[in-house]
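Take a look at the sequence and structure first, and then we can walk through the details together.

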Amino acid sequence: MKHSSVLRNVALTLVIALVGCSELEKSDDPTKNWSAAKLHSEAKKDLQEGNYEQAAKLYESLQSRYPYGTYSTQAELEQIYVYYKQHESTSAVSEADRFIKAHPNHPAVDYAYYMKGLANFSDDLGIFGIYTDSDLVQRDTKPTKDSFDAFRDLITRFPNSRYAPDAIIRMKYLVNALARNDVAVARYYYRRQAYLASTDRALNILRDYPHTAAQEDALDIMARSYDAMGLKDLSQDTVRVLKLDFPKSRYLTAQGDLAKKVEWWRFWQTSTSQ
């Protein structure tokens, strides 16, 4: 009995201490009596001044204390941007998806789609020559494809959105960058005599990126891979397509045959200058 009494006293002391700490924290919170409008205006101010961490905290407080209403909805949108500026792409995309699901008919839902694409957008694909071939093979292009899909959803659903023109520009960039990346990977396989893999990658380029400069590179890779595998007829057929589509191709001799040696720097120069 005595032992049980001691335990009860200890438990009660801990509860009192925890309650006291909680009350102390609440009393020390300078925003405890702020209205939704006040929380939003202060969060917006921090956002504009680049105080993203503080802005995020205020937006979270706003949504927690006032989960319904105009200010809470606006806070959800602006929180997406805060995560984006903090380079927290996963959180930004998650917040954008949540907003889209909760407010599919909101007049600013197109912004959520745009920010979802922007969160995954990376412009370092355009200078991928700084990576080694091995890096390119291992490179995860899923975020880039997710970015493209989000921009595509935006212009499909909201073709007149103010964000559509920029989304289209970014989509074109992503397509060309991904195509060039695939060309580099295909050449990587070719140089390592993995001719079947290089052919498959080249075929994917022809199928997935039909209106890019990478088509010329893909045809060259295919022709050389077929030739290396002893599939002379397929190689010659591919060369004919190359001559038809790209009569002035840098991969062809003046006689219309495959050049025996293509200077490697020419590929990188062409890829990075487009």
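In this predicted model, helix H11 (214-228) is what the buried residues of H12 pack against. Helix H10, for its part, has buried residues whose cover includes helix H9 (164-191) and H11. The points below take the two helices in turn.

**Helix H12**
- The buried residues here are Ser235, Thr238, Val239 and Leu242.
- Around the axis, they cover an arc of only 105 degrees, so they sit on the same side of H12.
- Asp233 and Leu244 are exposed, and they belong to the face of H12 turned away from its buried side.
- H12 runs over residues 232-245, and its 14 residues should span 20 Å at 1.5 Å a residue; the end C-alpha atoms are 20 Å apart, which agrees.

**Helix H10**
- Which residues of H10 are buried? They are Tyr195, Ser198, Thr199, Ala202 and Ile205.
- These buried residues line one face of the helix, because they fall within an arc of 120 degrees when H10 is seen down its axis.
- Leu196 and Arg207 lie on the other side of H10, where they are exposed.
- From its first C-alpha to its last, H10 (residues 195-208) reaches 20 Å, close to the 20 Å expected for its 14 residues at 1.5 Å a residue.

Key: Residues numbered from 1 in each chain as written. Predicted model: local features only at pLDDT ≥ 70, side-chain atom pairs only at ≥ 80, totals over all residues. Heavy atoms only, no water. Helix = DSSP H or I, 4+ residues; strand = E, 2+ residues; numbered from the N terminus. Expected span 1.5 Å × (residues − 1). Buried < 20%, exposed > 50% of the residue type's maximum accessible area, 1.4 Å probe, protein only. Arc of directions from axis to C-beta. Contact = heavy atoms within 4.5 Å.
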